[in-house]
Amino acid sequence: MRSFDQLFEASSRSLAQHTSRRSVLAMLGRLLTGAALMPLLPVQRAAAASKSAVDNPESCEYWKYCAIDGFLCSCCGGSSHSCPPGTAASPITWIGTCHNPADGRDYIVSYNDCCGKTSCGNCECNRNEREKPMYRLSRNNDVNWCMANANSNYHCSVSVILGVAEQ
Ligand code: ABN
């Protein structure tokens, strides 16, 4: 019976006779590149997905909505900062401060309600970053700010940038 060494030598010689050095190196390169890239692919896709939500005014994750509570006007015929036709912005609002990941700055944001039509019902979004309890009414978002409008029906909410927050 042949020893293990002899068997190994024979199979190595046979492999060497049938395979060029270049093709072995190419195969190793492909294996290493594939193995290195494989784990990155799902992570890249997840990162792209979360980035688009932060940049999308129709998503509750949009950066400016960090303290909003209501239906997003961008899903109700308006935009992130303008009321839909046929509604009027509330003159009294609540104020939040949101971090914009695109430029790394904090912005003071006014959350106005749009009034004069019944509830829009689309894209409900309730985020409460830095919100204060009811006894700080101007810092609380769970209020119908249409209360001072001629038509106090609440339709949806917008977020309007007032300025950059100073450190
Ligand atoms: N500011 C949005 C809202 C409207 C009505 C009731 C609660 C909250």
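How many disulfides does the structure hold? The structure holds seven, a disulfide being a pair of cysteine sulfur atoms within 2.5 Å. The model is predicted: local features need pLDDT of at least 70, side-chain atom pairs count only at pLDDT 80 or more, and totals for chains, interfaces and linings use all residues. Residues are numbered from 1 along each chain as its sequence is written, and side-chain values use heavy atoms, with hydrogens and water left out.

The protein contains three helices and six strands. Their order along the sequence is α-α-α-β-β-β-β-β-β. Helices (H or I, at least four residues) and strands (E, at least two) are DSSP runs, numbered from the N terminus. Of the 167 residues, 31% are buried. Buried means under 20% relative accessible area, exposed over 50%, and partly exposed in between (1.4 Å probe, protein chains only). Among contacts with a separation of 6 or more, 69% link residues 24 or more positions apart. A contact here means heavy atoms within 4.5 Å. The accessible surface of the protein is about 10800 Å². Carbon and sulfur atoms supply 58% of that surface. Accessible areas come from the Shrake-Rupley method with a 1.4 Å probe; for residues, only the protein chains shown count as cover.

Cys75 pairs with Cys123, at an S to S distance of 2.0 Å. The torsion about their S-S bond is about -85°, so this disulfide is left-handed. Cys75 sits in the loop between β1 and β2 (88–89), while Cys123 sits in the loop between β4 (105–115) and β5 (124–126); the pair therefore ties together parts that are 48 residues apart in sequence. Cys75 is buried, at 17% relative accessible area. Cys123 is partly exposed, at 33% relative accessibility.

Cys115 is joined to Cys146 (S to S 2.1 Å). The link of Cys115 and Cys146 is left-handed, with -85° about the S-S bond. Cys115 belongs to strand β4 and Cys146 to the loop between β5 and β6 (154–164), so parts that are 31 residues apart in sequence are tied together. Cys115 is buried at 2% relative accessibility, and Cys146 is buried at 0% relative accessible area.

The ligand site was examined next. The ligand is surrounded by Asp69, Trp94, Asp113, Asn141, Asp142, Val143, Asn144, Trp145 and Tyr154. The shell divides into four nonpolar, two polar and three charged residues. In this scheme Ala, Val, Leu, Ile, Met, Phe, Trp, Tyr, Cys and Pro count as nonpolar, Asp, Glu, Lys and Arg as charged, and the others, Gly among them, as polar. A polar side-chain atom of Asp113 lies 2.8 Å from a nitrogen atom of the ligand. From Val143, a backbone N or O atom lies 2.6 Å from a ligand nitrogen atom. On its own, the ligand has 250 Å² of accessible area, and the protein covers 79% of it.

Technical notes. A residue is near a molecule or strand if one of its heavy atoms lies within 4 Å of it. A polar contact is a pair of N or O atoms within 3.5 Å; within protein, one must be able to donate a hydrogen and the other to accept it, and residues adjacent in sequence count only if both atoms are side-chain atoms.
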